[in-house]
Amino acid sequence: MDASDPPTPTTNTGPRKFFVAGVEMEFPVKPYKCQLSTMNMVIRGLRHMTNTLIESPTGSGKTLSLICSSLAWQRAEYVHMKEILEKEAIENAVKFEEEKRHQMQEEQDKMQRKQSQKEEEELQARRKADEGRVIVYYDDSEDDMEDFQLRSKKIVKMKKIMKDSSNVVRTSSDSVTHTPDSTHTTGQEMKHCSTLPCQSFKNGVCQSPCSVPHKEELPTQTDEAPDISIQSKLTLDTSWLSPQDGFKHSEEVTCCTKPQVPKIFYCSRTHQQIQQVVHELRKTVYKDVKMTILSSREHTCIHTPWRGHSFRNKTEMCCALLDPVEGPGCMYKNGRMSSHTALESCNLESPWDLEDLVQAGRRVKCCPYFTSRDLIATADIVFCPYVYLIDPKIRNTMNLQLRGAVILLDEAHNIEDCCRDAGSYSVLYDDIFQSMKDCKRVASMELLPEVHNNLALFLNNLMNWMSQKIQCAQQHQTDREQTEAGILGGANAVASFEEHYINIETIMEFKRNVMEAVAETNNEENVQQTKKSFERHGILRTTTFVLEGLSLVFCFMYDNKMQHIWDYYVVVCKNSLVGSAARNDLLSDSTNANGRSRLIVEEDVPHLNWGHYLNFLCMNPGVVFRPIADVVRSIVLTSGTLAPLVTFNSELGTNFTNEMQALHIIDENQLWVGALGSGPRGKELQASYRLTDMTDFRQELGNTILQVCKVIPYGVLCFLPSYGLLEALRQHWLMSGIWDELEVHKEVLCEMRGNKDFLPTIQAYYSSVRQCELGMGKGPLLFAIMRGKVSEGLDFADNRARGVITVGIPYPHLLDIQVGLKKKYNDANIKRGLKSGSEWYETQAYRALNQALGRCIRHRNDWGALIIIDKRFLTEERHLQGLSKWIRRKMQLFPTFEKLHSSLRNFVQYHNPVVPEHIAE
Ligand code: SF4
């Protein structure tokens with residue numbers, strides 16, 4: 001979802017009702033063809049429990065289609081469920097009547113028997129009396145009658161209960177809602193007759209997973225109101241330390257007898273994008289759906305800064321405030337908005353966005369962060385950044401139950417990287433050392449001494465192993481050689497660990513000990529002791545992070561008979577893992593907008609602080625994604641630029657049965673696409689890594705961009721493959737005078753490394769566009785980096801980008817050791833169905849290129865030109881195949897600049913016949 005997505009059709013406005021794939025739905029406007037296709041694809045996937053890939057260009061109304069189709073399907077499921085329940089209730093009532101009749105018949109028979117017996121006995125008695133003897137008989141017929149009446153009353157009462165229950169289709173923490181009409185969406189929880197099988201119940205076996213915890217898995221209150229205490233109890237739940245066990249524990253695989261309507265998780269990349277989705281939801285008839293938005297404390301904490309303390313972020317502050325030892329607590333923690341009914345009483349009606357929630361939280365003095373988490377239990381749709389679902393640590397902290405759920409992942413073009421990051425882990429040697437000391441301290445307090453001593457021993461063994469690897473690596477000359485010496489394939493690492501008593505048994509024991517240590521630390525008694533004595537009774541928070549991180553990654557590697565051992569590399573190297581976005585920006589020539597972890601050696605960036613890290617690098621995104629795909633009902637991956645689609649099945653280890661690449665909704669004449677092979681002076685423009693170093697190339701490229709800027713009015717974006725190339729070109733053009741010429745026609749700006757200058761640069765760019773619109777400026781030219789921040793999610797609608805120029809193909813940087821390892825891994829696993837290393841490498845480049853090109857057309861009435869400068873697109877067909885379908889089919893190939901120039905000029909003049917004087921040539 002991008003900021004301007006989706007558009008509103010200009011004609012035939014007004015809500016529409018129609019059927020898509022057998023589901024009745026209401027759409028706020030007349031849908032475009034591509035929207036109908038998207039909705040059809042989504043509903044078919046949900047109905048058949050299959051997974052779907054959808055590429056639909058920005059501005060084609062993808063978000064609205066996703067929301068309407070999924071919620072319409074969910075509403076239909078509720079109606080379907082109601083019908084099942086009603087049918088079941090009727091069947092039960094008939095059964096009940098039969099039983100009652102049968103019972104009454106039996107009672108009558110019994111009474112008759114007794115009556116005959118009595119008469120017989122009276123006869124006998126009379127005969128005996130006649131013989132002069134007196135006998136007293138006890139008559140129990142009255143008791144029988146009372147018994148019968150009592151039972152009859154019970155039957156009537158049961159009948160009444162049956163009748164009532166057949167009208168109740170759901171209960172929630174908020175209310176008991178009676179049978180809704182078909183236009184009202186009800187919540188997730190449903191009360192059912194326990195004998196009622198779910199929809200997919202066949203031959204006594206449930207054919208489909210169920211989204212709600214089963215009988216065995218959680219305490220009985222799971223069917224009751226969502227209890228905050230459950231949340232707090234679950235913070236002690238460390239079952240997730242085993243990735244697979246995490247699912248088994250809380251989402252049993254065994255069959256259920258309760259039918260469920262699946263919860264929908266709508267995930268995007270950023271909060272801004274989620275805000276836009278909520279904005280779209282407001283336009284639909286499904287807006288009263290029970291919802292929640294998950295977010296970090298950065299966006300939702302309402303506590304004022306804690307005076308006298310400085311924290312890096314609000315998460316740190318909240319943890320410190322709620323710390324059982326030093327923390328004074330937070331007055332907002334236990335507010336009164338923990339249910340959807342409570343929200344309504346606080347005047348917060350669905351659909352709300354985070355800002356609304358925060359405002360309501362301030363009004364009623366209740367923490368919005370914990371509120372949004374409490375609402376998960378009763379929400380029909382949950383919005384969150386997709387890392388919340390993908391990362392097992394976050395998923396379990398938030399207690400997200402995915403079994404049987406529907407997952408819609410928007411902006412999913414980076415999902416593979418995201419999964420690999422979630423399956424990887426990195427820890428500093430010093431942090432392991434501190435954790436070991438902490439475990440020893442707790443053991444000395446006689447708190448589960450055996451457990452904590454075992455943990456300390458395990459960490460000690462791990463440090464010994466690391467030390468040995470560091471010593472071996474130091475025998476090499478250069479940093480790069482040292483780093484390479486510290487790389488072990490998963491299987492080699494396992495053999496090497498074994499020498500230091502780190503094996504499957506000790507790891508399983510380590511996992512158990514971690515769970516016990518964490519539970520002990522959170523134990524109420526220890527918390528109270530900690531408060532009283534001002535000494536931590538249990539392990540430190542930092543130790544918990546280290547232990548849980550190690551436990552999780554070891555489980556990924558060793559669980560399930562070590563099936564993922566080949567999917568890992570273990571690397572010991574000098575502080576070269578870059579985890580934070582800040583350091584990433586400092587380091588990278590190809591900064592990743594995701595802030596992905598990357599491995600670079602000290603020689604490349606010597607000015608940082610370096611230490612020794614132990615890195616577990618996951619090469620297979622399926623390690624993390626597959627367990628999710630296995631338990632959910634259906635996953636839909638979508639993005640404006642998902643192409644090439646070929647790697648998703650193999651990389652994610654998941655079968656995407658349905659695929660769709662939609663065309664753009666704009667008219668033919670609104671988009672111009674051209675690939676250029678040579679510049680105005682006839683020099684070749686082949687933007688390969690080697691040739692971009694050549695003076696001729698740089699000069700010719702500068703001239704080409706200058707000429708294009710003379711033609712295209714308002715904002716122009718020019719994307720380059722790396723910061724290094726941008727800087728080199730800038731230097732060259734400053735010296736040659738091209739930079740000055742560019743400044744005559746455009747206000748020239750550059751996307752710089754790091755966050756510091758990003759916002760001012762974007763503001764200056766937007767401001768320059770506004771000035772130009774007012775006839776007071778020449779419009780901006782922004783040099784940006786593919787995979788940089790400008791290329792992801794920013795809005796460049798209308799005059800903000802009338803032209804997008806790309807130079808070259810942004811292959812991932814080979815300086816990043818992870819890239820080299822991933823290529824190697826794929827080459828070694830072609831037999832398992834993976835694409836070769838070079839195919840994977842190219843796919844990554846094309847996705848980044850498509851993402852940059854996607855900045856231009858943002859809605860139905862937008863227009864713009866895409867200029868791809870690289871001769872390789874004219875000579876090698878495979879590069880064209882890497883482009884999104886809507887770009888590819890408009891592609892024109894221009895071996896020379898003249899033809900491109902005149903075609904482009906015609907295109908611009910068609911849309912902008914009156915070119916302002918100050919930007920005319
Ligand atoms: S409980 Fe909520 S409001 Fe209080 S510090 Fe934590 S996040 Fe902020």
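Let's start with a helix pair: helix H16 (residues 449-474) packs against helix H19 (residues 504-522) at an angle of about 130°, and their axes are 9 Å apart. This is a predicted model. H16 and H19 are therefore oblique to each other, and H16 passes H19 in a left-handed crossing. On the H16 side, the residues that take part are Val451, His452, Asn454, Leu455 and Phe458. They meet Thr506, Ile507, Glu509, Phe510, Asn513, Val514, Glu516 and Ala517 in H19. Sorted by class, this contact has seven nonpolar, four polar and two charged residues.

Leu448 lies in the loop between helix H15 (429-444) and H16. Its phi is near 35°, a positive value in a residue other than glycine.

A second pair brings together helix H14 (residues 415-423) and helix H30 (residues 837-853), whose axes come within 11 Å and cross at roughly 120°. H14 and H30 are therefore oblique to each other. Here Glu416, Asp417 and Arg420 in H14 meet Trp840, Gln844 and Arg847 in H30. The contact of H14 with H30 is made up of one nonpolar, one polar and four charged residues.

Now to the ligand. Around it you will find Arg297, Cys301, Ile302, His303, Cys318, Leu321, Cys330, Tyr332, Cys367 and Phe370. By class, this shell holds eight nonpolar residues, one polar and one charged.

| Cis peptide bond | Omega | Where the proline lies |
|---|---|---|
| Ser350 to Pro351 | about -5° | loop between helix H9 (340-345) and helix H10 (354-364) |
| Ala643 to Pro644 | near -5° | loop between strand S18 (634-639) and helix H24 (647-652) |

Finally, a word on confidence. The mean pLDDT of the chain is 80, with 79% of its residues at 70 or more. Over residues 133-145 the pLDDT is below 50, and beyond near neighbours in sequence this stretch has eleven contacts in the model. The pLDDT is also below 50 over residues 576-598, a stretch with 73 contacts in the model beyond near neighbours in sequence.

How values were computed. Residues numbered from 1 in each chain as written. Predicted model: local features only at pLDDT ≥ 70, side-chain atom pairs only at ≥ 80, totals over all residues. Heavy atoms only, no water. pLDDT = per-residue confidence, 0-100. Contact = heavy atoms within 4.5 Å. Near = heavy atom within 4 Å. Nonpolar A, V, L, I, M, F, W, Y, C, P; charged D, E, K, R; others polar. Axes fitted to C-alpha atoms, helices over the stretch in contact; angles between N-to-C directions. Helix = DSSP H or I, 4+ residues; strand = E, 2+ residues; numbered from the N terminus. Parallel < 35°, antiparallel > 145°, perpendicular 65-115°, else oblique. Left-handed = near helix turned anticlockwise from the far one by under 90°.
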